[in-house]
Amino acid sequence: MAGAFVTTYYFRDSDCTTCNDFKGQDSPWVKTDVYKVGILRYLEVTNRPEFTGWKVIIYLDRHSLENPVFRTNTNTERAIKHKKEWDEIAKHPNVVFAVVDWPEYAVGAKNDGKTIDNAILRALRFKAFHDFPDCPIFLRDADTLFENLIKGEKDTTTLADFTTKLALWEKTLWDSLKGLFADPNPYRILVASQPNYYRQWHVHPKTGKRTTGCYAAITSTLGNLPEFKDGSLWKKCLAYLRDNVQIVDGKDGRVPSNLSKPTYIGKDEQLLSFVVIPAIFEKVYFYYFEYIKIEGGPVKDSPETPFAKMLIAEGITTYPSPYIESRKEGPGPAAPKETKEANELTETTILNPKSIGFALAPENNALMKKIFNYYLTDKNVPTGQTGGGRWTKSLRGRWTRVTRFPTRRKRSQARRR
């Protein structure tokens, strides 16, 4: 395998359209419409000569493997579309299914061990860095970074030639990483963030310590990360998950212990902020990713940006904006004056491969290093548990071998942001 795009898929509304079985984070099937389309686009990318030998690896549970599409109301237009798309995915020569068989994190009322909590599944994408340590691994969302550009009905998208543009974006990023990650540079993993990315789940479940958030769906390596290869960093990720969420008995079956906590969602982002970055800080290179908010404004001290005083003391009074810089040249919309644009325009701006060079500029990486180093060295840690769940004894889980999926059997899927 020359490399892989790694995602997650889960399908919950299949044989359980009327029951109260647990469905979890981002489960509405209307979103999985976009999941299938996004996975197909990445499979199309692997058909291109520049990605010869690449695969799309989908981490999913056994329930989704056996129930990837509707089992009721199968004659509706949407159900027919679902089945057609899934058949294309399952038959594609470059798809690989990584099946999670892990009773420790099985949820729901069926007690068959087949349905894994969605938020846990999303975090388990990180196991790909350990499972496949010797080649490029690009973690991506099933609906891509550009879900609003692939939401068209049937075979259409809102952006012409989307797959061609996606392939160019990924190839430009890949080529950039080859230089950034080459010796003697210490960098080995790309993590996306921006100064003003803060959400309710960007807090440590036990300590209450907040952090600037990370976008999991750009995390990329070219291999050559011994901490993942020898299993030590994956064990730290697993320990974080086990320490902060267990599956317990609920009113309608087994549920995550922190289901009502702000840190139930975003476990993949938490693994970056609280495990990966602290463990291999010198090997992290930051992609300055402006999605939630366009930067470029003044640095202001606030509860959400406690690092601002440090930046101001160093003479940094304005946040850079690669997003704005990439819009200053050439044809297309003028540089924005507001801090948030329509999602379609935001994604079109990011999809422009020219934006990658601005986002990866050394000065932007240096700024994000300062911000995250502030959190790593900050001793003013709040006390008290704000996002975790109660501890119960862990069971030993197990993983099935990652195999190519047979063409004509029951099939299934994986996930979203």
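Rings of Phe, Tyr and Trp (for Trp, the six-membered ring) are taken to pair if their centres lie within 6.5 Å, with planes under 30 degrees apart counted as stacked, over 60 as edge-to-face and the rest as tilted. The model is predicted, so that local features need pLDDT of at least 70 and side-chain atom pairs count only at pLDDT 80 or more, whereas totals for chains, interfaces and linings use all residues. Residues are numbered from 1 along each chain as its sequence is written, and side-chain values use heavy atoms, with hydrogens and water left out.

Phe146, Phe162, Trp169, Tyr197, Tyr215, Tyr287, Phe289 and Tyr291 form one aromatic cluster. Lys340 lies over the face of Tyr291, 4.8 Å from the ring centre; a charge sits over a ring if NZ of Lys or CZ of Arg is within 6 Å of the ring centre and within 35 degrees of the ring normal. The ring of Phe281 likewise has the charged end of Lys369 over it, 4.3 Å from its centre.

The count of aromatic pairs comes to 28. Phe51 and Trp54 form an edge-to-face pair, at 5.1 Å centre to centre and 90 degrees between the planes. Both Phe51 and Trp54 are buried (under 20% relative accessible area, with a 1.4 Å probe and protein chains only). The ring centres of Tyr187 and Tyr285 are 4.9 Å apart and their planes stand at 80 degrees, so this pair is also edge-to-face. Tyr285 is buried, its relative accessible area being 3%.

Of the 417 residues of the protein, 57% count as buried.

Notes: Buried means under 20% relative accessible area, exposed over 50%, partly exposed in between (1.4 Å probe, protein chains only).
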